[in-house]
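Student: I have a model open and would like to learn how to read its features one at a time. Could we walk through it together?

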Amino acid sequence: MKYDVVIVGAGPAGTVTARFAAESGARVLVIERRQEIGVPVLCGEGVSRKIDDWGMLEGKRWIANKMEGARIFSPDGTMVSLSADMAGNETGYVVYRDIFDQELARQAGKAGAKILMNTNAIGLLKEKEKIIGVKAKQFEEELEIEADIVVGTDGVESKIGQWAGIETRLDPKDLETCCQYTLTNIECKDAFCDFYLGKKIAPGGYIWVFPKGKDIANVGIGVLGNLSEAGMPKKLLDDFISKNPNLKKGFPVRFLAGAVPVANPIESIRDNLILVGDSARQVDPITGGGITHCLEAGKIAGETIGKAVELQQFDKETLSSYETGWKEAFGKKLKRNYMVKEIFLDFDDKTLNMLADSLKDIKFDEISTFGLIKALVLKHPTLLMKLRPLMKISSEA
Amino acid sequence: MGKPKAIVDRKICLACGGCISVCPQDALYMYGGRALVTEEKCISCAICIRICPIGAISGRNASNEI
């Protein structure tokens with residue numbers, strides 16, 4: 001088997017890359033180890049409205065619920081409400097990720113990409129040091145798939161990057177370890193994504209409640225790896241649900257575990273190789289959101305592949321327009337938010353409560369950054385010291 | 001008896017991949033929709049045990065006692 005490009009993993013990063021590569025004339029194969037694209041879902045399913053601007057998804061079947069905004073609850077329960085515009089990356093839609101992923105795959109297929117299911121990558125094909133394809137296993141049969149470019153869209157536990165010699169191992173402090181129930185028989189009157197913060201609630205992370213409908217929500221938790229212990233996320237989540245009068249009534253129709261990289265991005269290109277999505281750590285280190293980055297980076301990767309095929313050049317330099325492209329699109333934001341994450345981790349519950357108390361009455365869509373900081377500091381002067389590093393970052397950005 | 005090696009309870013594992021991404025020895029991999037340990041590579045650091053959100057990984061010593 002010989003293709004221009006073989007893409008490992010049929011999540012959003014893989015299928016969007018496949019679509020745009022195929023549209024620009026490349027012969028594309030996507031391999032997926034699972035038997036159904038998007039299943040099992042490993043995601044909180046909150047996606048930004050930004051995806052509307054890109055028009056990559058047709059129809060509305062993938063939308064479960066449209067959000068009006070987000071609410072953040074500090075450890076003492078003080079609520080800060082954010083409109084959809086301000087809430088940014090993670091609120092907009094709550095989606096059905098299985099349908100979402102399958103719709104993106106359909107588009108890739110329509111563009112001419114071929115998708116091979118039940119096919120697990122087991123190594124890279126190399127000629128001396130040069131990458132010339134992927135070794136894979138479909139059921140018990142071994143396949144050698146030759147391609148000029150290999151794309152690793154194989155998620156948080158990416159092996160493709162590692163096999164190509166890129167340091168992909170995550171430090172536990174750069175991983176959110178997660179689990180989530182989809183609870184039915186609860187009340188979700190408001191279309192708000194709720195976030196609960198606190199060292200006792202979710203160390204180094206948060207608990208989320210994302211309503212998928214009037215009586216159903218994804219209720220999940222992320223705990224920072226270095227602050228977690230065996231089974232801690234599930235224990236804390238069960239505890240939270242059992243103490244919440246509304247959620248306590250619910251019964252689960254789905255339970256899942258997840259792992260989200262909250263790291264600095266790693267190198268995303270080598271000769272004959274591209275990484276997109278979680279495998280390249282293209283995730284917002286504060287929110288843990290990655291879908292929009294997959295779509296944005298996937299499109300750039302696909303177009304870069306198209307050009308490389310046209311030129312018949314597959315070296316790192318030719319592929320570098322992909323890396324430059326995604327870094328321009330959202331690389332700075334990831335870098336900045338990684339620093340913000342580090343600062344936030346130092347905030348104790350008392351500081352978070354003070355912050356929330358200062359912010360709770362502010363109308364976010366009307367206020368400037370300067371006005372915001374002034375309001376914060378007037379109410380709780382001691383916040384000034386804590387916020388100084390954040391102000392430094394925002395003035396540099 | 002050596003130090004306990006990691007073992008994944010396949011009945012509990014939900015294939016999130018967290019353990020694979022933090023293993024310093026590349027001793028874990030996904031197979032058949034579950035994580036598996038390559039025992040010869042495991043150095044008993046227990047990072048995977050701590051990272052598992054649902055407690056699916058535990059230590060097992062050389063005599064196979066859990």
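Tutor: Gladly! Let us begin with handedness: a crossing is right-handed if the near helix is turned clockwise from the far one by less than a right angle, and left-handed if anticlockwise. Please keep in mind that this is a predicted model.

Student: Which handedness does the crossing of H1(A) and H8(A) have?

Tutor: H1(A) passes H8(A) in a right-handed crossing. The axes of helix H1 (residues 12-23) and helix H8 (residues 291-311) of chain A come within 7 Å and cross at roughly 30 degrees.

Student: Which residues of H1(A) and H8(A) meet there?

Tutor: From H1(A), the residues include A:Pro12, A:Ala13, A:Val16 and A:Phe20. On the side of H8(A), A:Cys294, A:Leu295, A:Gly298 and A:Ile305 are among them. By class, this contact has 11 nonpolar, four polar and three charged residues.

Student: Let me pick A:Cys294 in H8(A). Why does A:Cys294 count as buried?

Tutor: The general idea is a neighbour count: a residue is buried if 20 or more other C-beta atoms lie within 10 Å of its own, and exposed if 12 or fewer. A:Cys294 counts as buried because it has 25 C-beta neighbours inside 10 Å. Leaving aside neighbours within four places in sequence, A:Cys294 is in contact with A:Pro12, A:Ala13 and A:Val16, and also with A:Val276, A:Gly277 and A:Gln282. One of these, A:Gly277, is 17 residues from A:Cys294 in sequence, with 4.8 Å between their C-alpha atoms.

Student: A:Gln282 is on that list of contacts. Is A:Gln282 buried or exposed?

Tutor: A:Gln282 is buried, with 26 other C-beta atoms within 10 Å. Its place is the loop between strand E18 (273-275) and H8 of chain A. Beyond its neighbours within four places in sequence, A:Gln282 is in contact with residues including A:Pro265, A:His293, A:Cys294 and A:Trp326.

Student: How many residues does the largest nonpolar core have?

Tutor: The largest nonpolar core has 135 residues, and A:Val5, A:Val6 and A:Val28 have the most contacts inside it. H8(A) gives the largest share of this core, nine residues. Not counting residues up to four places away in sequence, A:Val28 touches A:Tyr3, A:Ala18, A:Ala21 and A:Gly112, among others.

Student: Now the backbone. Where is there a cis peptide bond?

Tutor: Look at omega: the bond joining A:Val39 and A:Pro40 is cis, with omega of about -5 degrees. A:Pro40 sits in the loop between strand E2 (28-31) and E3 of chain A.

Student: And which residues have a positive phi although they are not glycines?

Tutor: A:Lys128 is one of them, with phi of about 55 degrees, and A:Gln312 also has a phi of about 55 degrees. A:Lys128 lies in the loop between strand E9 (119-127) and strand E10 (130-138) of chain A, whereas A:Gln312 is found in the loop between H8 and helix H9 (316-345) of chain A. A:Lys128 counts as exposed because it has 5 C-beta neighbours inside 10 Å. A:Gln312 is exposed as well, with 9 other C-beta atoms within 10 Å.

Student: What does the domain assignment of chain A give?

Tutor: It gives domain 1 (2-60 + 97-169 + 264-339), domain 2 (65-93 + 172-261) and domain 3 (341-396). The centres of domain 1 and domain 2 of chain A, taken over C-alpha atoms, are separated by 28 Å. Between these two domains, 19 residues of domain 1 are in contact with 20 residues of domain 2. Strand E3 (residues 46-48) of chain A gives the most to the domain 1 side, with three residues. That side divides into seven nonpolar, seven polar and five charged residues.

Student: How many helices and strands are there in chain B?

Tutor: Chain B has two helices and four strands, and from the N terminus on, its elements run β-α-β-β-α-β. Of its 66 residues, 41% count as buried.

Student: How many residues of chain B are in contact with chain A?

Tutor: The size of an interface is often given as the accessible area lost when the parts come together. Here we can count residues instead: 19 residues of chain B are in contact with 23 residues of chain A. Helix H1 (18-22) and helix H2 (47-51) of chain B each supply at least two residues of the chain B side. By class, that side has 13 nonpolar, four polar and two charged residues.

Conventions
Residues numbered from 1 in each chain as written. Chains lettered and ligands numbered in written order. Predicted model: local features only at pLDDT ≥ 70, side-chain atom pairs only at ≥ 80, totals over all residues. Contact = placed C-beta atoms within 7 Å. Nonpolar A, V, L, I, M, F, W, Y, C, P; charged D, E, K, R; others polar. Axes fitted to C-alpha atoms, helices over the stretch in contact; angles between N-to-C directions. Domains from an automatic or database assignment. Core = buried A, V, L, I, M, F, W, Y, C linked by C-beta atoms within 7 Å.
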